[in-house]
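I opened this one to jot down what I could look up, going from the whole chain to single residues. These are my notes in the order I took them.

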Amino acid sequence: MLRKARDERGSSAVEVAGARRGGGSLPREGRSARGGGGGGRASAGLLVAVGTGLGNVLAYGFNLVLSRGLGPGGYAELGTLLSVFLIGTVPGLAVQAINARRLAVVAEASPAARGALVRGLRWRGFAVGIGVAALFMALAPAIAALLPSVTVGGVVWTGVSLAANTVFASYLGIAQGTSRFMTMTLLYLAAQGSRLVIGAAAASAQSSPTTVMAVQTAAWAFAAVAGRWLLREVASGAEAGSPAAGPIDAMDMVVAMDTVIAMDTEAGQAGQAGQAGQAGQAGQTRHAGQTTAAATGPVEAAAQRVAEHHLGHSGYLTEVLRATGGLGGILLLTVLDTLLASRYLTDGDLGRYNTGALLARAAFFAPSFVAMLAYPRLARPTERRRALSVALALTGGIGVLGIALAGVGGDPLIGLAFGDKYATPGGFDLGADGWLFTSVGALLALVNLALLDGVARRSHAVSAVVLGGIVLETTVIVGFAHGSAGAIVTAAAASTLATATVSVTVCLTARTAGEVTAVVAEVEDDPQAVGAVAQST
């Protein structure tokens with residue numbers, strides 16, 4: 001039974017959803033290209049999953065070549081700046097999620113209406129990027145004072161790089177929301193691949209951390225320019241049709257990609273740039289929409305109304321800010337110990353700690369495909385219990401293997417992965433504590449899965465647990481467990497274990513909803529139910 005929508009936006013979305021599930025056959029873009037709805041969804045999901053996984057490997061390679069090339073001393077500041085950068089990707093992921101949702105629900109609107117909406121979303125994404133850069137520039141002195149290992153210049157360039165990253169993420173959302181999953185995957189691989197090349201060159205040249213943050217801006221800018229060019233037909237309103245999937249597939253993938261966001265999340269600040277420029281286009285689109293509605297029927301008319309609503313709607317900033325609170329916690333939790341360590345450790349010990357954090361990220365991202373495959377089933381009441389049990393077992397099993405590998409490998413593994421400088425005696429023994437870093441990432445992967453299950457059930461209980469975990473870890477480390485690198489990572493592992501235990505318990509004891517709520521209505525009412533590609537850093 002469909003939930004009653006509270007406003008025009010929701011009711012229009014329900015109209016579209018209800019018409020699609022009716023007995024009639026609807027004209028769907030790209031149907032012939034798919035050769036079947038289920039097969040198209042599966043192939044699109046596999047494409048994005050494989051592309052995201054490969055992109056995360058390239059991102060990990062960026063960190064790897066820099067940690068090896070710069071050594072513990074050089075990677076001390078850079079590792080902290082990259083953790084700050086990871087937190088700063090939140091606005092871009094929010095923009096991606098909201099762009100994807102707004103476009104996915106108007107898939108039946110006319111090309112002219114979608115084109116006008118895309119142009120408006122492009123400008124809003126650009127405005128958010130400028131806002132992020134300005135915010136980091138303003139806060140740079142305070143961040144540098146809070147994190148003594150970084151410089152004001154490094155933080156400023158991190159903000160500039162994040163501006164380009166946010167614009168790039170905006171194009172990812174446009175590709176995702178219009179079912180252009182091949183384009184979306186290519187853009188992500190282009191960004192991470194060019195970033196790896198830049199990182200290798202910077203490591204070879206022994207560049208400073210500030211220089212690395214500055215030059216990586218080119219990778220995000222390159223991918224953003226490529227996105228504008230590849231999606232030019234969508235923006236012009238002249239596209240012939242969706243190349244890979246129909247409207248339902250777009251929405252399914254927008255929801256399914258939520259699996260990867262709880263890893264890298266959302267927030268931001270959007271300006272009013274582009275709103276005034278859309279006023280004239282909105283009027284033309286409204287006129288075109290009335291003609292289209294008369295010619296093509298109620299489904300297209302409903303989609304047209306939703307497109308017009310989004311085109312002239314001023315709540316973009318509100319949506320971005322709401323998305324921030326929903327999923328930002330898990331991202332902060334993944335780098336919290338690293339940020340706190342930068343207050344208490346220096347030089348080689350901090351560089352080794354930041355390198356150990358790469359083990360945690362690897363353990364966190366490794367089982368991400370499990371969540372991606374499980375999420376659609378978690379949203380179906382009749383399949384949720386079994387899907388949750390299998391996903392927890394697989395995620396936990398992968399984590400246990402990673403912890404065992406790090407524990408048994410010790411210094412030889414650290415030397416092989418990051419270089420002999422990290423395995424030599426003196427200072428923090430990364431080889432002895434590598435399994436602790438890996439356990440932090442493996443436990444956070446379980447928390448992430450629990451968060452996604454909560455989103456599927458429309459429950460915020462696990463989000464509250466995550467916030468509690470942040471408070472717990474901060475209190476323990478700042479309060480007393482900061483005398484050494486080993487003490488900090490042990491406190492992080494213990495705090496994460498407590499957070500994961502409570503999160504998984506909440507999921508296993510939660511009641512499964514008795515009725516299925518329309519996916520489109522869910523997404524319209526809850527910005528957290530829309531996903532973005534994980535951007536591992």
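What follows is my list of entries, starting with the overall fold.

**Entry 1: the whole chain**

I reminded myself that this is a predicted model. I looked up the secondary structure and got 22 helices and zero strands for the protein chain. Next I checked burial: of the 537 residues, 59% are buried. For contacts with a separation of 6 or more, I found that 86% join residues 24 or more positions apart. The accessible surface came out at about 19,100 Å², and carbon and sulfur atoms own 67% of that.

**Entry 2: salt bridges**

How many salt bridges does the structure hold? I got six.

I went to Glu319 and Arg101 first. Their closest N and O atoms are 1.9 Å apart in the model, and the pair is listed as a salt bridge. It links distant parts of the chain, with Glu319 in helix α15 (residues 316-344) and Arg101 in helix α4 (residues 90-104), 218 residues apart. Are these two buried or exposed? Glu319 has 6% relative accessibility, and because the cut-off for buried is under 20%, it counts as buried. Arg101 is buried as well, at 1%. I also noted that Arg102 joins Arg101 and Glu319 in a network of salt bridges.

Then I looked at Arg457 and Asp453, whose side chains meet in a salt bridge at 2.9 Å, N to O. Both sit in helix α19 and are four residues apart, so about one helical turn separates them. I checked burial here too, and both Arg457 and Asp453 are buried.

For Glu383 and Arg377, I found a salt bridge with the closest N and O atoms 3.8 Å apart. The cut-off is 4 Å, so this pair still counts. Glu383 is partly exposed at 30% relative accessibility, and Arg377 is partly exposed at 42%.

**Entry 3: aromatic rings**

I counted the ring pairs next, and the structure holds eight aromatic pairs. The one I wrote up is Tyr353 with Phe437: the ring centres are 4.9 Å apart and the planes meet at 75°, so I put the pair down as edge-to-face. Which parts of the chain does this pair tie together? Tyr353 lies in helix α16 (residues 347-365) and Phe437 in helix α19 (residues 430-457), so the pair ties together parts that are 84 residues apart in sequence. Tyr353 is buried with a relative accessible area of 0%, and Phe437 is buried at 1%.

I also noted a cluster in which ring pairs link Phe85, Phe168 and Trp220.

**Entry 4: charges over rings**

Where does the charged end of Arg232 sit? I found it over the ring of Trp229, 4.1 Å from the centre. Arg195 gave me another case, lying over the face of Phe62 at 4.0 Å from the ring centre.

**Entry 5: a nonpolar patch on the surface**

I looked for nonpolar side chains on the outside and found a surface patch formed by Trp123, Phe126 and Ile130, with about 320 Å² of accessible area together. I picked out Phe126, which is found in helix α5 (residues 111-146). Phe126 has 41% relative accessibility, so I have it down as partly exposed.

**Entry 6: backbone and loops**

Ser179 has a positive phi of about 65° although it is not a glycine. I placed Ser179 in the loop between α6 (152-177) and α7 (181-204), and it is buried with a relative accessible area of 2%.

Asp347 also turned up with a positive phi, near 50°. Asp347 is in helix α16, and at 56% relative accessibility it counts as exposed.

Last, I looked up Thr424, which lies in the loop between α18 (384-418) and α19. Thr424 is partly exposed, at 39% relative accessible area. I also checked Thr424 against Asp411: they are 13 residues apart along the chain, and their C-alpha atoms are separated by 8.1 Å.

Technical notes. Residues are numbered from 1 along each chain as its sequence is written. This is a predicted model: local features need pLDDT of at least 70, side-chain atom pairs count only at pLDDT 80 or more; totals for chains, interfaces and linings use all residues. Side-chain values use heavy atoms; hydrogens and water are left out. Patches are made of residues with over 30% relative accessible area and no salt bridge: like charges are joined within 9 Å, nonpolar side chains (Val, Leu, Ile, Met, Phe, Trp, Tyr) within 5 Å. Accessible areas come from the Shrake-Rupley method with a 1.4 Å probe; for residues, only the protein chains shown count as cover. Helices (H or I, at least four residues) and strands (E, at least two) are DSSP runs, numbered from the N terminus. Buried means under 20% relative accessible area, exposed over 50%, partly exposed in between (1.4 Å probe, protein chains only). Contact means heavy atoms within 4.5 Å. Rings of Phe, Tyr and Trp (its six-membered ring) pair if their centres lie within 6.5 Å; planes under 30 degrees apart count as stacked, over 60 as edge-to-face and the rest as tilted. A charge sits over a ring if NZ of Lys or CZ of Arg is within 6 Å of the ring centre and within 35 degrees of the ring normal.
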